[in-house]
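Reader: I'd like a close look at one part of this one, please: the salt bridges, and the sheet around them. Take your time with it.

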Amino acid sequence: GLGGARVLVLDDGHPVGDYSWDDEDGAPADARLAERVEVIRGPASLLYGSDAIGGVINIISKAGAGGLKGVVSGESGDHAPYLARTSVSGGEGPVGLFVSGSPTRVNSFPLSGGFQPTAQQPAGYRYNSDHKRSNVLGNVVYAPTSALGLGLTTSYVHAEYGKPTTAID
């Protein structure tokens, strides 16, 4: 009942600064990169501070284990959008590694069939509605025993959005 502003979002146990539920770029990581998601519903401010009045979401990143594995996938569609994903993981003994990246681009989105063209916006595709986003996530874990694990997680996200002008005459 308190809304997303009072839910603390953690990435591997560390707060994600200024996370906004309305801003896709505030997302700490692609959901496909999560090993698991821990959710604490309701007030958790005693353990996590005042930002956790509505609850806590902790996103645990994947870590590499076993032999070397890789995944590559992609998508494409109308008006030249694309999405590519790649990840590599592996481990040897107490060390595990996981690295992933994904660029995406959409040039514009199609207008509905009922849209009435104007001087500012003809029918077809919406002017200046492009979207670009790139992210990279890396995770290295050293676990000398089953009870102790030390990890380093780093991520980078860059996004750009077009801002359409009015379509009204």
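Author: Let's count a salt bridge when a side-chain nitrogen of Lys or Arg is within 4 Å of a carboxyl oxygen of Asp or Glu. This is a predicted model, so local features need pLDDT of at least 70 and side-chain atom pairs count only at 80 or more, while totals for chains, interfaces and linings use all residues. Residues are numbered from 1 along each chain as its sequence is written, and side-chain values use heavy atoms, leaving out hydrogens and water.

On that basis, the whole structure has 3 salt bridges. In one of them, Arg36 meets Glu38 at 3.1 Å, N to O.

For the others, look at the open sheet, whose 5 antiparallel strands run E5-E6-E7-E8-E9. Strands are DSSP runs of E, at least two residues, numbered from the N terminus, and two of them pair if DSSP finds at least two bridges between them. The edges are E5 (69-76) and E9 (148-161), each pairing on one side only.

Arg85 and Glu75 come within 3.7 Å, closest N to O, in a salt bridge. Arg85 sits in E6 (82-92) and Glu75 in E5, so this pair ties together parts 10 residues apart in sequence. Glu160 and Lys132 form another, at 3.4 Å; with Glu160 in E9 and Lys132 in E8, that pair ties together parts 28 residues apart. Glu160 is partly exposed at 38%, and so is Lys132 at 32%. E8 (131-145) and E9 also share 13 bridges in the antiparallel sense.

Definitions and conventions
Helix = DSSP H or I, 4+ residues; strand = E, 2+ residues; numbered from the N terminus. Buried < 20%, exposed > 50% of the residue type's maximum accessible area, 1.4 Å probe, protein only.
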